[in-house]
Amino acid sequence: MKILISVVLISLFSLGLLASCDLGPDAPRGFSLPEGDIDAGKAVFLKYRCLSCHQLKGISQPGITDNPGLNVKLGGKSPQVKTYAQLVTAVINPSHKLAKGYPLATIQVEGKSKMTVFNEVMTVQELIDLVWFLQPHYELIPYQHTSYRHYGN
């Protein structure tokens, strides 16, 4: 009986921890982005000259000089889905999560991203359209199961 009570209490405690973690202000649950326009998003991408510091396969813009010192790749293969919430956060709070695979000195100064914050100039509709344009450029890499050898006697 003591074991059953212990198991029930541990289960309830664990569920309580999981539920409390999901209800915080940083939880993505409840985030919903209205439908955007991909073509308008591309226009936003070009309007704000994102290719000055980013590269996106298949997208070019006349008059943009390649910046090899700061040329953060967007899109491509990813082991996890790039959600609308992650992409919105990357645009409105670029210092939240710095790009991986780049020397810190090239992408940040004193812990802050070098990326321009467009919050004062970009409209909400432009942000929505930009995210709708960017998200399909990410390809989810299927999960690869680990193949374990059977060790027999």
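A search of the whole structure, which is a predicted model, finds three aromatic pairs. Two of the pairs are described here. A pair of aromatic rings is described by two quantities, the distance of the centres and the angle of the planes.

In the pair of Phe 45 and Phe 133, the ring centres lie 5.5 Å apart. The ring planes of Phe 45 and Phe 133 stand at 50°, so this pair is tilted. Phe 45 belongs to helix α2, residues 38-47, and Phe 133 to helix α5, residues 124-134. The pair therefore ties together parts that are 88 residues apart in sequence. Both partners are shielded from the surface. Phe 45 has a relative accessible area of 1% and is buried. Phe 133 is also buried, with a value of 4%.

The pair of Tyr 84 and Trp 132 has its ring centres 5.3 Å apart. Here the planes meet at 15°, so the pair is stacked; planes under 30 degrees apart fall in that class. Tyr 84 lies in helix α3, residues 84-92, whereas Trp 132 lies in α5. This pair therefore links parts that are 48 residues apart in sequence. Tyr 84 is partly exposed, because its relative accessible area of 28% is not under the 20% limit for buried residues and not over the 50% limit for exposed ones. Trp 132, in contrast, is among the buried residues of α5.

The axes of α3 and α5 come within 10 Å and cross at roughly 120°. That angle makes α3 oblique to α5. The crossing of the two helices is right-handed. On the α3 side, the contact involves Tyr 84, Leu 87, Val 88, Val 91 and Ile 92. These residues meet Leu 127, Leu 130, Val 131, Trp 132 and Leu 134 of α5. The contact of α3 with α5 comprises ten nonpolar residues, with no polar and no charged ones.

Helix α5 is mostly covered, with nine of its eleven residues buried. The buried residues include Leu 127, Leu 130, Val 131, Phe 133 and Leu 134. Glu 126 and Asp 129 are buried as well. The partners of these buried α5 residues come from several elements. They pack against the helices α2 and α3. They also pack against the strands β1 (54-56), β2 (72-74) and β6 (138-140).

The protein chain as a whole has five helices and six strands. Along the sequence, the order of these elements is α-α-β-β-β-α-α-β-β-α-β. Of the 153 residues in the chain, 25% count as buried. Contacts across the sequence were also examined. Among those between residues at least 6 apart, 63% join residues at least 24 apart.

Most residues other than glycine have a negative phi. Arg 49 is not a glycine, yet its phi is positive, at about 55°. Arg 49 sits in the loop between α2 and β1. With 41% relative accessibility, Arg 49 counts as partly exposed. Glu 110 likewise has a positive phi, of about 50°, although it is not a glycine. Glu 110 is found in the loop that joins β4 (108-109) and β5 (112-113). Glu 110 is exposed, because its relative accessible area of 80% is over the 50% limit.

Terms used
Residues are numbered from 1 along each chain as its sequence is written. This is a predicted model: local features need pLDDT of at least 70, side-chain atom pairs count only at pLDDT 80 or more; totals for chains, interfaces and linings use all residues. Side-chain values use heavy atoms; hydrogens and water are left out. Rings of Phe, Tyr and Trp (its six-membered ring) pair if their centres lie within 6.5 Å; planes under 30 degrees apart count as stacked, over 60 as edge-to-face and the rest as tilted. Helices (H or I, at least four residues) and strands (E, at least two) are DSSP runs, numbered from the N terminus. Buried means under 20% relative accessible area, exposed over 50%, partly exposed in between (1.4 Å probe, protein chains only). Axes are lines fitted to C-alpha atoms, for helices over the stretch in contact, and angles run from 0 to 180 degrees between N-to-C directions. Angles under 35 degrees count as roughly parallel, over 145 as roughly antiparallel, 65 to 115 as roughly perpendicular and the rest as oblique. A crossing is left-handed if the near helix is turned anticlockwise from the far one by less than a right angle, and right-handed if clockwise. Contact means heavy atoms within 4.5 Å. Ala, Val, Leu, Ile, Met, Phe, Trp, Tyr, Cys and Pro count as nonpolar, Asp, Glu, Lys and Arg as charged, and the others, Gly among them, as polar.
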